[in-house]
Amino acid sequence: MKILVTGSAGFIGFHLARRLLAEGHAVAGIDAMVPYYDLRLKEARHGLLARSDAFRPMVFDLADGARLGTVMAEERPDIVVHLAAQAGVRYAMEHPESYIHNNVVATYALVEACRHHPVQHLLVASTSSAYGANTSMPFRETDAVATPLNIYAATKLATENIAHSYAHLWKQPTTAFRFFTVYGPWGRPDMALFKFTDAILKGRPIDVYNHGMMERDFTYVDDLVEAITRLIPRRPEIGRPVSPADSLSPVAPYRLVNIGNANPVRLLEFIAAIEQATGRQAIRNLMDMQPGEVLKTWADASLLQALTGYRPTTDVPTGVAAFVAWFREHYGA
């Protein structure tokens, strides 16, 4: 198939595009190369993908609707996987305009382009942060989500709602998936695993928020990519739920799916895994909870399993060791 991946120079987009190319698909990748973090990392990812003749990289702002419409008309993709976004909870505190532009406006441009150039399946990335102040665990796709705790979560909820509206109005089959704390090789420098590993190897202190009393449903990137590739052929159809707990919309070919390990891990255990992988002890700077953060995330992955027969399985020590090995090789640490 011809598959368009937005955010192809990003952490997850790179891994997905590499997997799709390995499976024999043609991949068109769009990335704005926003300098939120070191562009050399994004350029290196695109460089690896460009080794394949089946990869076509394009660098432009996804919010440019006219340019995007031209690309859709020229590429005529069968599938679109929308991973481009401004990520990060804390950065949103000071730069909310970036989230409105890159998450809301850009997503609108994309669904509008798919309206004029329909695809077999549109898949849209969201986040576990969308569950906000929910305290019922594990998080289920059918839970009400009206309490986002930060602008990042609010914009991702907006993208879900925009995608659902377009799926209803124009019958574009659409799946939105909520990621749960994805980590692994080629990760972003603003992510905890990257920052902790870098600091520990250099003997610098790490900032441990809420004194480490938080839990996250850490999901290894290869598991996430496996889930996405299995969801690509699983187009939602109105009136055809796969289980009583299906989030399938009653009025649109639209479904919401969690992708998570379904196994919360304490932050202190995560740090211990990094210490084990690096062979060094962390110097811990214990700090209070940051605004906009949540204490715990926990995915119910039963819908993903019902749809695909798969759920993530990589444990934290294994995944962290793979990241540390990549980090040492890439940075000569």
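A polar contact is a pair of N or O atoms within 3.5 Å; within protein, one must be able to donate a hydrogen and the other to accept it, and residues adjacent in sequence count only if both atoms are side-chain atoms. This is a predicted model, where local features need pLDDT of at least 70, side-chain atom pairs count only at pLDDT 80 or more, and totals for chains, interfaces and linings use all residues. Numbering starts from 1 along each chain as its sequence is written, and side-chain values use heavy atoms, without hydrogens and water.

**Stop 1: His 25.** Select His 25, in the loop between α1 and β2 (26-31). Helices (H or I, at least four residues) and strands (E, at least two) are DSSP runs, numbered from the N terminus. His 25 counts as buried because its relative accessibility is 16%; the cut-off is under 20% relative accessible area (1.4 Å probe, protein chains only). Its side chain reaches the backbone nitrogen of Met 1 at 3.1 Å.

**Stop 2: Lys 156.** Go to helix α5 (residues 151-170) and pick Lys 156. Lys 156 is buried yet has no salt bridge (a side-chain nitrogen of Lys or Arg within 4 Å of a carboxyl oxygen of Asp or Glu). Show the backbone oxygen of Ala 125: the Lys 156 side chain reaches it at 2.9 Å.

**Stop 3: the cores.** A nonpolar core is a set of buried Ala, Val, Leu, Ile, Met, Phe, Trp, Tyr and Cys residues joined through side-chain atoms within 4.5 Å. The largest has 63 residues; Ile 259 and Phe 177 are among those touching the most other members. Helix α1 (residues 11-22) gives this core its largest share, 7 residues. Finish at a second, separate core of 28 residues, including Leu 110 and Tyr 254.

Methods:
Buried < 20%, exposed > 50% of the residue type's maximum accessible area, 1.4 Å probe, protein only. Lys, Arg positive; Asp, Glu negative; His and termini not counted.
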